[in-house]
Amino acid sequence: QGIPVITVDGPGGSGKGTVTQMLARKLGYHLLDSGALYRLTALAAMRHGVDLDDEAALTREAQDLNVAFEPTPPGEPARVLLDGVDVTRAIRTEECGDNASRVAVIQSVRDALLQRQRDFRVLPGLVADGRDMGTVVFPDAPVKLFLTASAEERAQRRHRQLLDSGVSVSIDDLLEDIRARDDRDMNRSSAPLKPAGDAQVIDSTGLSIEEVLERALAAASRA
Ligand code: C5P
């Protein structure tokens with residue numbers, strides 16, 4: 001070990017993806033978007049005709065995941081290839097996110113993805129974004145952040161994002177999805193979403209992304 005890692009956990013829409021990217025860019029560290037691995041497992045299952053109830057087959061999908069993150073400058077989101085095909089956008093749909101959170105409740109799937117995530121910890125350092133980065137994957141991380149925001153605010157952020165990309169959906173539907181996903185992520189028995197005992201919690205409700213980054217950097221320098 002000895003290689004620095006900053007963990008950034010929290011629910012979807014808490015701003016952790018953006019904060020992770022900004023921290024990685026600022027520090028020149030590598031970036032792990034662990035949610036992408038769960039999304040890729042779900043997408044691989046969908047594309048390979050695997051039933052989302054078939055735990056053994058889903059575990060094999062996770063073990064055999066043929067994925068490449070195309071190298072980009074530090075802090076830039078990677079291009080993602082599954083079976084050699086660019087799926088950078090395909091893994092970002094609501095359907096894929098929802099299926100990812102179903103696949104993510106299966107302990108053997110989580111076990112299959114564990115070492116793949118730890119392999120991202122290389123010099124000069126790593127910023128890791130997810131749900132269990134501080135609790136399970138990198139429990140020895142010297143800096144652990146946990147970002148939250150109210151479900152309503154997260155639904156509004158997602159709504160704006162979708163509108164910007166030309167997709168119009170109702171805020172109420174988004175809010176319902178977010179609540180369902182939170183419920184699944186927080187109440188599952190394996191690696192539930194919760195702050196590590198030594199994590200610094202940042203509530204981003206009502207804050208701009210710059211304000212959140214400022215707090216994240218202050219927290220990182222306090223650790
Ligand atoms: O962060 P993102 O929305 O891309 O994650 C998709 C889903 O993957 C989450 O809802 C969660 O269920 C699962 N996940 C997880 N552990 C992680 C990252 C994501 O269980 N470290």
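Helices in this account are DSSP runs of H or I spanning at least four residues, numbered from the N terminus. In this predicted model, one such run is helix α8, which covers residues 171-187 and holds D173. D173 has 12 C-beta neighbours inside 10 Å and therefore counts as exposed, since the label applies to residues with 12 or fewer. Between D173 and H159 lie 14 residues of sequence separation, and their C-alpha atoms are 10.0 Å apart in space.

The shell consists of 14 residues, the closest being G35, Y38, S101, A104 and G130. Two or more residues each come from α2 (34-47), α4 (94-103) and α8. Of the contributing elements, α2 gives the most, with four residues. Sorted by class, the shell has six polar, five charged and three nonpolar residues.

Turning to the sheet, five strands are arranged in the order β2-β6-β1-β7-β8, forming an open sheet with parallel pairing. Its edges are β2 (30-33) and β8 (200-203), each of which pairs on one side only. On average, neighbouring strands are turned by 20° against each other, with direction ignored.

How values were computed:
Residues are numbered from 1 along each chain as its sequence is written. This is a predicted model: local features need pLDDT of at least 70, side-chain atom pairs count only at pLDDT 80 or more; totals for chains, interfaces and linings use all residues. Two strands pair if DSSP finds at least two bridges between them. Axes are lines fitted to C-alpha atoms, for helices over the stretch in contact, and angles run from 0 to 180 degrees between N-to-C directions. A residue is buried if 20 or more other C-beta atoms lie within 10 Å of its own, exposed if 12 or fewer, and partly exposed in between; C-beta atoms are placed from the backbone. A residue is near a molecule or strand if its C-beta atom, placed from the backbone, lies within 6 Å of it. Ala, Val, Leu, Ile, Met, Phe, Trp, Tyr, Cys and Pro count as nonpolar, Asp, Glu, Lys and Arg as charged, and the others, Gly among them, as polar.
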